[in-house]
Amino acid sequence: MALWVFFILVEEHSLIDKTETEVGAKHRQTYREGKRVETYIVETLAYEDKPDRKHKQIAFLLGKAFEINLSFTLEKVDETHTRFIYAGHNKGVNFVGRAMLKLGSEKSNNKVVQEYMDRVEAESMK
């Protein structure tokens, strides 16, 4: 099972500062949406890797318009079950970002989250 799966399909991911398991680590990520390619820096804000609990919190600025903060937690329930907790928020950092967030519908946002959760479930079953 992939330990950390992000909400977008990342084409490129490279470590640029510290190590994968350190708070403060920075990664350069690139993703493509249609013809548009976006590159941004992801910073690890929290990291925990224990036998019964794994947690990672990250933050990044996307498109100079959105500040995104996400956390992923895996908790061992028993030998065959794991609880996956995904939390996050987006904040508009300029007029365009704030306007886009206000214009977005809750139904559309819920669809994006559900598609992400479906991808996580599919990956966990491989």
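## Lys 56 in strand β4

Lys 56 sits in strand β4 (strands are DSSP runs of E with at least two residues, helices are H or I runs of at least four, and both are numbered from the N terminus). Its relative accessible area is 5%, so Lys 56 is buried (buried is under 20%, exposed is over 50%, and partly exposed is in between, with a 1.4 Å probe and protein chains only). Leu 70 is 14 residues away along the chain, and the two C-alpha atoms are 8.3 Å apart.

## What the model is

This is a predicted model, where local features need pLDDT of at least 70, side-chain atom pairs count only at pLDDT 80 or more, and totals for chains, interfaces and linings use all residues. Numbering runs from 1 along each chain as its sequence is written, and side-chain values use heavy atoms, leaving out hydrogens and water.

## Two lysines with positive phi

Lys 18 isn't a glycine, yet its phi is positive, at about 70°. You'll find Lys 18 in the loop between β1 (10-17) and β2 (26-33). With a relative accessible area of 44%, Lys 18 is partly exposed.

Lys 64 also has a positive phi, near 55°, and lies in the loop between β4 (53-62) and β5 (66-78). Lys 64 counts as exposed because its relative accessibility is 70%.

## A nonpolar patch

Phe 95, Val 96 and Met 100 make a nonpolar surface patch of about 350 Å². Phe 95 belongs to helix α1 (residues 95-103), and its relative accessible area of 66% makes Phe 95 exposed.

Patch members have over 30% relative accessible area and no salt bridge, with like charges joined within 9 Å and nonpolar side chains (Val, Leu, Ile, Met, Phe, Trp, Tyr) within 5 Å. A salt bridge puts a side-chain nitrogen of Lys or Arg within 4 Å of a carboxyl oxygen of Asp or Glu. Accessible areas come from the Shrake-Rupley method with a 1.4 Å probe, and for residues only the protein chains shown count as cover.
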